[in-house]
Each structure stands twice: as structure tokens, then as C-alpha cells.
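Please look over the structure shown here before reading on. The report is written for a reader who is new to it.

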Amino acid sequence: MKVNGTPVAATSSVLAACRAVGADVPAFCADERLSTGGHCRACLVEIDGRLVASCTTPARPGLEVETDTPRLRAYRLDLGELMLAESTTGALAATLATWGCDGTRYERSRAATPRHDTSHPYLALDLGACIKCRKCVKGCEELQGQFVFAFAARGAATTLTWGPDAFAASACVACGACASLCPTGAITDVDRLRRAPTTRVVQSTCSYCGVGCSLDVHVAGAAPLDRVQRIEGTRESPVNHGHLCVKGRYAHGFSRHPDRLTTPLIRRDGVLEPATWDEALALVGSTFLRLRGHVAALSSSRCTNEENYLVQKWMRVALGTNNVDCCARVCHGPTAAGMRHVLGTGAATNSLADIERADLLLVAGSNSTAAHPVTGARIKQAVLRGARLIVIDPRRTELAELADVHLQLRIGTNVVLLNSLARAMLDDGAIDRAFIDARTEGFVAYAAFLDAYAPEATEAITGVPAELVRRAAHLYGTAQRPMQTHGLGMTEHYQGSEGVMLLCNLALLAGAIGRDGVGVNPLRGQNNVQGAADMGCQPDLVTGYGSVTDPVVRARFERVWGAALPTDHGLTIPRMYDAARAGEVRALYILGEDVVQTDPAVHTDSALAALEFLVVQELFLSETARRAHVVLPGASFLEKDGTFTNGERRIQRVRQAISPPGQARADWRVLCDLMAATGAPQTFTDPSEIMAEIAQVAPGFAGVSYPRLEPFGLQWPVPSEDHPGTSTLHVDSFPVGRATFACVAYAPSPVLAHADGFPLRLTTGRVLEHYNCGTMTRRGDNVVLHPADELEVHAVDARAAGLVDGAPVRVISPFGEAHAIVRLSDRMTPGQAFLSFHFPETGTNRLISGVLDRIADCPEYKITPVRIERIERTT
């Protein structure tokens, strides 16, 4: 076909062909991510004497397309005049003026007057500027799956609507897709309304959850006064395709918040006071050297791979200890332990793109649309396209409402339910015996073990009707491409690691490993949980998961590092706390984690109080930093270079967009300074050099370099410089040879021994608007959207406690007390409750017991016996 006489290959549509040759065809309603509708009628072209919508006309060989003819110019002039008569056209006015439109041809209707709704903290609407292109409707439906918008009435009276109330009361989740799509500004946001000129655009990676969305960071101003003007999703990214959530798009205000740490602090006479970098580094260095043999470090999943690598290298090379751990311990440590036990590798077997390829999705213990919103939206879209959905969750989440089967189990009975599902698959014959015979071992013993877990026998324990278990087992076992995702509802249990083993068992029974559209895929909680673990911030494993006791591994590291490695396994986070109380750990370094708010208080309070020396490197004076002897101001992801690794093992670039505030420094630079202060100076001048060293010590990263990570990263393993990365693990074999079925008997949590007098079972989790302890999201308008932690309880339990919706309450466990607002909800069944943990004044972590996963040492956040007491209001 030809466009304006230029030959071009026939692509998906005539519009795409026109754009391929650079032809100027206006298209106000078109977006390559959305279905076409031809609503705006601006993209008409002339073919064989006919005017046709180029977005809906398929391209085919032999077409002769003209994009600028007298008929088209006359048509566009009339179209523009109609738009001006029916709307203010907002940002399109300048474009229409180039067509010769001046708004004089037709009488202006009442619709063409400003009609504002500014009730939402982020989004603003002016219906007078709407040209009814329906881009917002389609974006909301086809990117987010939220269905907020519709058009009401007919003809000239047609208007955009979202319901009877102000927009802030709508079902909007503030993903911002509508604002990013709207061609006129009828829907816009606060960042665009500021109208600060963009001086540069920097592509980077989001630092909230483990999805790893690619960002285009628009920067205004010059250093040191530069700031984020707005953030857009990167359209070409295979991770998020330009889509973002309320946190990734809007929660960037923390970067210039007045609470930011801008200078080092040293505690003098009990008070934290400003100090110079030289003073702070010298004090940390001399004290850690003095206490050598009694030190430990907690690294951060919020920081880059390069920074996590330096933390563990510092501990091992300069201070001679393997006492290094990261927050993967308190969330996804059980994932790694369970998957390594069965499959040989403790990471996602597949890619996020497999969500679109799967014909069934099993989501276990993950409120994905809140905790991993862009992945949650992909799951919703897959279901809307016809994929079947099974949800395992004690809470009726948004995905549970869409599910074919919701297995709403009692909190803490994961192991029983998963064994029951496996037994039902065997009874149904819905297993892949060829795969089992070829690639697994232990099946006969496993099948016999499952005899005790018939769904009818387990129903009394799990609370899940046997017929639902059997239906879910049939759906999963007979699907062609069943894909699993799971979250912290699976891992943060006494038997968390073992529960993950049982998810692996299900995949092995179905032959759902080693090919597209299947697999076992943990949804990582923080942006770089995967990377922190990859980098060796673990007491028994070095970078790339080599054992600290393996002589081959040790030789490789000692050759590159030029120093001997400590030989003994170090301490996990909970064991560090035990050792601190015993006086065996006397100095602790914490990078970017607020353990006082997030770790169980039964572990942290007495342990931190017992320390002789605590160093915290942070963005804000967090609850943990307030207890430190030295506080070092670090840089956010917007203020430094490096890499993150997302939940699908994709290593992606992080690029500095703005300058750190005050005297704050990039954390990798601070770590190099700390290593120098403790006798192990480093020669790194750029994070790319750190990655080059990582490639030397970790075989799975041997082919990774910054140039090779352009534009959207590589999925490890990348064993050589010409290797393309690995999207799917275990295609032909497992690292352990044959995968082994795990026989796991149910062991009720020891926390239940304390249940007398505490009738409810509490689980904890995130809400959409906030991230972990809220350090960043509470310093912006996300706090307007969700101003406090809420305790969700069933009306039956509320009535029993004499509570009404919105009442302030004490939540009391055998271990502590929290304060929250009650929210009556049928999302929880009677006897069970849910509480988020984003606000320090709530004190959610003070409720949690000292029970740990019995393999991975992960605290048991997901089941706690509690009772609720009303707080009487005082006048």
C-alpha cells in the first residue's frame, strides 16, 4: 500500500501505516493500547475517493491513501467548528486553530461552558472541555478495569458521567490513566495544572512495589532547586505498558518534603544534633571497628542492587561477619525457601507477560489490585478477556469478587487447603502424568500422603465447602495454561515456606512449569526484594545465591574481593534481635528500613534498646531513626543511579532525575565512605562499576552490564554477554535434577495457644493508597485518599462488641495493643478481622507475636488472636 505516494508495509490499520511514514493524521481518540472505535472522527483519510476513519480501517496491500486533500481540509474545518460549538476543546484549541477554526460557524451550545469538579486531591475535571472521544472510558475499562466513566443522554445533551456525587466519591482508584489519555484536559491532574515547564525527562523504575513499572520522570528546574514536575508511565515498557497506579504516578511529593533529612545527625547528651559527614563517618567507622565481631547489618529492599551488594561486601570484607540480612526475611524469605526446596530456584518461574497467555489464574494470598496495582489490573483484564480465576484468600478482595471460585479459608489454614486441592486434583484425574513421570520424584509417596486431606474431611478446618475445593481443583487441573501468583498471605505464616512448597506441588501435578503462560510466581512486596536477596544480603548466601560455606564460591569471591570471607552462617533478622538482647550484637547498621514500625514490637523494642550503637541511613527521621546514635541522610530512587530487580527477575535501570536535598548523598557513595572508614576502601566512581563487579562474582549476572540493560532490562539468569536473558525458568530441567513433591502435614500456629480471651483472628496487609509503613505515601495527598488505618470486621463481631462503623477501638492481642477505626465489612467472615499497618500511631506491629516461619524465620504477621474494645470518646 501507499500513503501519499510513499510505499509502506500493510500494518494493523491505515492509521498505523500513516504514522509509519510520518504522515500528519490527527487522531484524538486513538491509543495503541486501547480498542479502536472511531469516535472522534478526526483521523479520516481519503481512499479511492472515500473518506474513511483510518483507525478502524484495516491496512491491506494495494490501498492508495491520501492524508491531505481539499476534501479532508474542508472536513476537518467543519469538524473543528463543531467541536468548538460543543466544547471549550481545552488543549485542542491550538490544534483546531491550525485547521482554520475560529468558532464562528456554529452557535455555541451550553455544553461549551466550563463545568468543574475539583473534589479529588489529584484529578480535576472540566466537562466543558470534553469532546466525547471516549478515551477516558476506554482507558479506565481497558487499562485499569475500573469502569468509572460512562456517557449519559443522547445527541447534543450527551455528557460524561461517573455517578450522582462529586468525583471524589466515585469508584476512581487514581491511577491517572484518564488524565494521561485525555486530549483536551477535560480530565487533568494536579501535576499538569501546575504548568511548570519540563526541563528534561528521565526514564527510571518505580520504587514502590515489586512490579517494577518503568517511569518517565518529568523534571522542572535546575539543581539544586530541581523537582519532579510529573510522572508518566513509559509506553514501550513490557512491564507496565505506560500504566501506573496512584503511588507510582502521584506519590512523589515526599522527594521535596520539608521532613527530608538533609544533614547527618549524631546523638550527643541524648539528643540528635546536626553533624558533618566527616564527623559521622569517623564515629561510625571507629565504633564498628572497636566492636568488630559484635556487629550486624540490615539492608534495604528499597535501595538499589548496587547498594545492597555493597552492604553485604562491607560486612564480610571490612568487618568479618556474615551477620547481614534484608527485609526479604520478613516477607518473601519463605517463598525463596519453599521454591528452592521443590524446584531448586527461589524466584518467579515466569514473566508478567504470561498473565496475558494464561487461560487460568490462581491468586493465593495476594490482594493484587491494592498491593501490586498494575499487575492486579493485568489480572483483571485477563479475566475480562475470558481467563478463569481462582482466588485463595480469607478476605473478599476485589479479585475475589471477579473469581470463578473464591476459596475463602479460615486464617492460618493454607496448608490444609492446598493439600486438599491436590487431593481433589488426584481424585478428578486432572493431573499431567507424563510430566510427573518425566520431571519429578516422590509422587507415589505424596499421593498416599494426601489420603488424609479429602475436601470433605478438611472442610471443618478450612471453612471452605468441599464442592468449591473440587471445582477449583478441576479448573486448575484441566486448564491448558494455569498460572499461579502469590503474596504475603501465603508466606507470613508459621508454615509459610511449606505453604509455598504446596503451591509448587500443584504446579507439578498440572505440568505447569517450564513453558509460557504457567508457573509459580511470587508477587514481591517491595521494589527490590528480589534484588536485595540476589545481591547476597542473607546470612548464609552471597551474591548469586552461592553458599558461604561452598569452597568454590568462596574462592571466586576471595579472588575478586582480595579478602578472605567469614565461614560461619550469620544471623537472620530475628536472631540479630535475640543476639542484641543477649549482648552478642552490640552495633547495628540499618539501611532504609523502619523496623520499629514494621517488625514485631516483641522483637524490636528491647533489642534496639540493648544496642550500644545504632546507625540508621534514611530519607526521614523514621521511628527507627529516632532511636539511632547516628543518622545518615540518604537519597531516594529519584536522586541516584543504579538498578532494581522486579518480581519477574527483570534487572532494570534506575536513573537520577533530581538532586538530593541538602547534604544528602546517594546511598552507594555513603557505603563506599563507610567501607573506607572501616579499612576497606573501594575505587568505585559510578554504580555501573559496581554492577561490573557483580558480574564477576555471580554467574547468573555474568552477562549483565548497564549498556545491555537498555532500554528495559534483562531477566536473570544472564550467564554470558551474548545471552538474551531468561523469561521462563526450568524449561528443560530443574537445578535439583527432578523436582521433589513435598509432603507437608498441617501444624497449627503456636500463636493459637494464646487464644483464650481473644475470639477474633486478625490478619494484616496493605491498602492501595499506601506503601508499607507509609514513610513516603503519608507525605502527600495519598493521605487525603486514605487518612488512617482501618480495622475491617464483620457486622456480627461488631455487634457483639457493641461497635458501630467509624468507632475508635483498641485492638488487643496477647502481645500488645493497637488503636484503629472500625470499618464494618462483609469482606471478612465472622470471627476474622483485617488491619493495615501504614500509620505509626496505629501500632499494628505491636499486636504481632514472636512466632516465626519454622524454616525461613519470617515473622507470622498473618494470624494473631485479638479482641476489640471500644474507646469511649471524651467530651
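This is a predicted model: local features need pLDDT of at least 70, side-chain atom pairs count only at pLDDT 80 or more; totals for chains, interfaces and linings use all residues.

## Cavities

Rolling a probe the size of a water molecule over the atoms shows where empty space is left. A search of the whole structure finds 11 cavities of 30 Å³ or more, and the largest cavity holds about 700 Å³ of space.

The largest cavity is lined by 43 residues, and the closest to its centre are Leu488, Glu492, Gly765, Phe837 and Lys862. Two or more lining residues come from each of helix H20 (488-491), helix H25 (595-598) and strand S33 (760-765). Sorted by class, the lining is made up of 17 nonpolar, 19 polar and seven charged residues.

## Cis peptide bonds

Most residues other than glycine have a negative phi, and most peptide bonds are trans. Glutamate 710 and proline 711, however, are joined by a cis peptide bond with omega at about -10°, and proline 711 sits in the loop between helix H28 (687-697) and strand S31 (714-715).

A cis bond also runs from tryptophan 716 to proline 717, where omega is near 5°, and proline 717 belongs to the loop between S31 and strand S32 (739-740).

## Positive phi values

Asparagine 4, in the loop between strand S1 (2-3) and strand S2 (6-7), has a positive phi near 50°. Its relative accessibility is 36%, so asparagine 4 counts as partly exposed.

Arginine 134 has a positive phi near 70° and is placed in the loop between strand S7 (123-126) and helix H4 (135-144). Because its relative accessible area is 29%, arginine 134 is partly exposed.

Conventions
Residues are numbered from 1 along each chain as its sequence is written. Side-chain values use heavy atoms; hydrogens and water are left out. On a 1 Å grid over the protein atoms alone, a cavity is a set of points where a 1.4 Å probe fits but cannot get out, and a pocket is an open set with protein on both sides within 12 Å along at least five of seven lines; lining residues have an atom within 4 Å of a point. Grid points are joined across faces, edges and corners, and a volume is the space filled by probe spheres set on the points. Helices (H or I, at least four residues) and strands (E, at least two) are DSSP runs, numbered from the N terminus. Ala, Val, Leu, Ile, Met, Phe, Trp, Tyr, Cys and Pro count as nonpolar, Asp, Glu, Lys and Arg as charged, and the others, Gly among them, as polar. Buried means under 20% relative accessible area, exposed over 50%, partly exposed in between (1.4 Å probe, protein chains only).
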